[in-house]
Amino acid sequence: MWILRKFSQAFFGNDHVNTTPIAGKSIWLLIMHGIALGLGFISNYVLIKFAGTHEFGAYVYAFNLLFLLASICNVGLDNLVLSTVGVYLSRKQYPLLKGLVKFSLIVTGSVSVIIAVACNVIPGFTLIPEMSAVGSLAITAAALFIINITTLGQSSLQSMNHVIP
């Protein structure tokens, strides 16, 4: 810890000694980010070696397409939730907050099903071509809905200032 204190004194002077806790947390975040990148690299390497390049390419294609479609299914509701949840909570307008959550879930679920049906109707655009149409539709719709619920949940937590580091 004394290294961080000396480092912050050298860069910011004695007036900003209170930046040491921030620098300490930043270093831990940097280390965690580096570990996450390293684990991602190792898992991709293992997938390529065990699955082969063709299957790994299909895996990457499916996930990239899934996340692209998820951003379309979101229809900007994450920005709406981010800007209004905090306001509703501070004003204690809980019925409006409940209505916003229900509206977001209904719209996200509906658009996810519509996009999943469209993906399975368009020839050659099926996310999982080896599966039956019903199975592919169910997995695509469920994955899109889960990804978008996660995005909406993160936006609402950010709006409430309860983001877990």
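Which elements cover the buried residues of α5? They include α3 (53–73), α4 (77–90) and α6 (133–159), and the views below take up these helices in turn. The model is a predicted one, in which local features need pLDDT of at least 70, side-chain atom pairs count only at pLDDT 80 or more, and totals for chains, interfaces and linings use all residues. Residues are numbered from 1 along each chain as its sequence is written, and side-chain values use heavy atoms, with hydrogens and water left out.

**View 1. The whole chain, with 6 helices and 0 strands.** Helices (H or I, at least four residues) and strands (E, at least two) are DSSP runs numbered from the N terminus, and from that end the elements run α-α-α-α-α-α. Of the 165 residues, 25% count as buried, where buried means under 20% relative accessible area, exposed over 50% and partly exposed in between (1.4 Å probe, protein chains only). Among contacts (heavy atoms within 4.5 Å) between residues at least 6 apart in sequence, 60% join residues at least 24 apart.

**View 2. Helix α5, residues 94–121.** The end C-alpha atoms of α5 are 40 Å apart, which agrees with the 40 Å that its 28 residues should span at 1.5 Å a residue; the expected span is 1.5 Å times one less than the number of residues. Buried positions in α5 include Leu97, Leu100, Ser104, Thr108, Gly109 and Val111, and also Ser112, Ile115, Ala116, Cys119 and Asn120.

**View 3. Helix α6 and the buried residue Asn148.** The buried residues of α6, among them Gly135, Ser136, Thr140, Leu152 and Ser159, pack against α3, α4 and α5. Asn148, which is placed in α6, counts as buried because its relative accessibility is 1%. Apart from neighbours within four places in sequence, Asn148 is in contact with Ala70, Cys73, Asn74, Thr108 and Ser112.

**View 4. The largest nonpolar core, with 11 residues.** A nonpolar core is a set of buried Ala, Val, Leu, Ile, Met, Phe, Trp, Tyr and Cys residues joined through side-chain atoms within 4.5 Å. The members of the largest one are Leu65, Leu66, Leu69, Ala70, Cys73, Val111, Ile115, Cys119, Ala143, Leu144 and Ile147. Helices α3, α5 and α6 are the elements that give two or more residues to this core, and its largest share, 5 residues, comes from α3. A second, separate core of 7 residues includes Val81, Val85, Leu100 and Leu152.

View 5. The chain has 0 disulfides, a disulfide being a pair of cysteine sulfur atoms within 2.5 Å.

**View 6. A cluster of aromatic rings.** Ring pairs link Phe56, Tyr59, Phe63 and Phe67 into a cluster, and the count comes to 3 aromatic pairs. Rings of Phe, Tyr and Trp (its six-membered ring) pair if their centres lie within 6.5 Å; planes under 30 degrees apart count as stacked, over 60 as edge-to-face and the rest as tilted.
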